Amino acid sequence: MNGGSNIIPSGQGFFVKASSTSAQLVFNESAKTNSQLTGPTQTTGATLLLSTAPIHTNVLQYMRMNLAVDSVNKEETVIRFDNSSSTKYDTNEDAQYMPGSGMMSLSSMTADTVPVAINNMPLPKQTQTVKLNVTTTADGQFSLNMTELKSIPALFQVWLKDAYTNDSLDFRHNQTYKFNILHSDTNSFGANRFTLVIRQDPALGIHLLSFGAAKATGGAQVTWTTENEQNYTNFTVERSSDGGITFAVLGGFASSELGTYSFLDKNPALAADMYRLKIEDINGTITYSNIVTLVYGSSTTTTTVAKNNISIYPNPSTGIINLAINPASNSVQKISSLNTGSGTVQTASTTQAYDIKIISITGSVIKATTSTTASWQDNVSNLTPGTYIIQVVNNKDKSLVGKSTFIKM
């Protein structure tokens, strides 16, 4: 398999493992290609029949490794990444390893411990370990070499761990690891010595540095800056004109790795427009920016007035949030009589109760409680990061006191 690709040059041999006695290998006319392969010993010219480095015709994500004792005796394995693949063995995706007669054998193990020469799997959302099966016919010094790392984002670290020597190597940046095999010690070879650890580096994850919006010629200009974004990062600008109850998508696009972006909302609503940025990373994980509000036209709508009757801080928050309620327009006068002996005096006392709800952006009620004071506090550290709505209702007449949003980081 050394140097192999998805193109088989004319005259080149290969092995096929049949799944049954009646299995067939059929080549359709559409499988032919006119692509010419250039050999490793020349940069131009005719195709070399037994070229060991053919040109790839499509861009794949994979790593290619070999086990070698010298420049001639070596064995190769490939791990290819495709998010639609399974970590378990799939006869339609993986190439099962078939040992030859050479002095070395190298394969990777699927999640269900099947040795394969080509291992298809998804890129890990956090960490993925892959066992390597390394065997030889003789004692000696050998080397594991990372010969190619194709289109794998820098977000992913690749480490080689040696359980026999309790050693590890940054295989992305150090491509050769030398080691010894002694057949008198079964721990020095086999499927339990070497492991590849592929993991995401949190420091290289997408980070939103700033998000803002401002009135501009032609509409509302939304801007943001990021770091570590790649072409797998997706941005969506959203706007709410109902106090954060619902958000509509204005536009979205994939990162161009520029770091600074802008979007012009050409038709802001004549209300309090609340803008936010939705970010989707390589794992499909969604996070939201802070919310920026621009007021167009009349700002005295019912929603805006109600929103101004409450305030939430800190916002965004990772744990404790505080709610302050303006009770001036929502107090209830309770009249009571007091007999003083010389007559009856009426006194007035102000009492109030508030029904408070925390609602997810999808409309699910996360928490419901009642407060008899104009201030309330809660710990939201257990909430999933995202945007939430706090709604406050007058417990007496069920009128809306206020509704606003906060972001759980």
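Analyst: The second largest pocket has a volume of about 620 Å³. This is a predicted model, in which local features need pLDDT of at least 70 and side-chain atom pairs count only at pLDDT 80 or more, while totals for chains, interfaces and linings use all residues. Residues are numbered from 1 along each chain as its sequence is written, and side-chain values use heavy atoms, with hydrogens and water left out.

A pocket here is an open set of points on a 1 Å grid over the protein atoms alone, where a 1.4 Å probe fits and protein lies on both sides within 12 Å along at least five of seven lines; lining residues have an atom within 4 Å of a point. The volume is the space filled by probe spheres set on the points, which are joined across faces, edges and corners.

Of the 29 residues lining the second largest pocket, Gly205, Ile206, His207, Asp281 and Thr287 are the closest to its centre. Two or more lining residues come from each of strand 12 (207-216), strand 17 (272-280), strand 18 (286-288) and strand 28 (400-408), where a strand is a DSSP run of E with at least two residues, numbered from the N terminus. By class, this lining has 13 nonpolar, 11 polar and 5 charged residues; Ala, Val, Leu, Ile, Met, Phe, Trp, Tyr, Cys and Pro count as nonpolar, Asp, Glu, Lys and Arg as charged, and the others, Gly among them, as polar.

We can now turn to the packing of side chains. In the largest nonpolar core, which has 29 residues, Met63, Leu132, Leu144, Phe171, Phe179 and Leu196 touch the most other members; such a core is a set of buried Ala, Val, Leu, Ile, Met, Phe, Trp, Tyr and Cys residues joined through side-chain atoms within 4.5 Å. Among the elements that give it two or more residues are strand 1 (62-68), strand 6 and strand 11 (190-200). Apart from this core lies another, of 16 residues, including Ile312 and Phe406.

Leu132 belongs to strand 6 (residues 127-136) and is buried, with a relative accessible area of 1%, where buried means under 20% with a 1.4 Å probe and protein chains only. Leaving aside neighbours within four places in sequence, Leu132 is in contact (heavy atoms within 4.5 Å) with residues including Met65, Leu144, Leu160 and Leu196. The C-alpha atoms of Leu132 and Leu160, 28 residues apart along the chain, are separated by 9.7 Å.

Note on methods
Helix = DSSP H or I, 4+ residues; strand = E, 2+ residues; numbered from the N terminus. Buried < 20%, exposed > 50% of the residue type's maximum accessible area, 1.4 Å probe, protein only.
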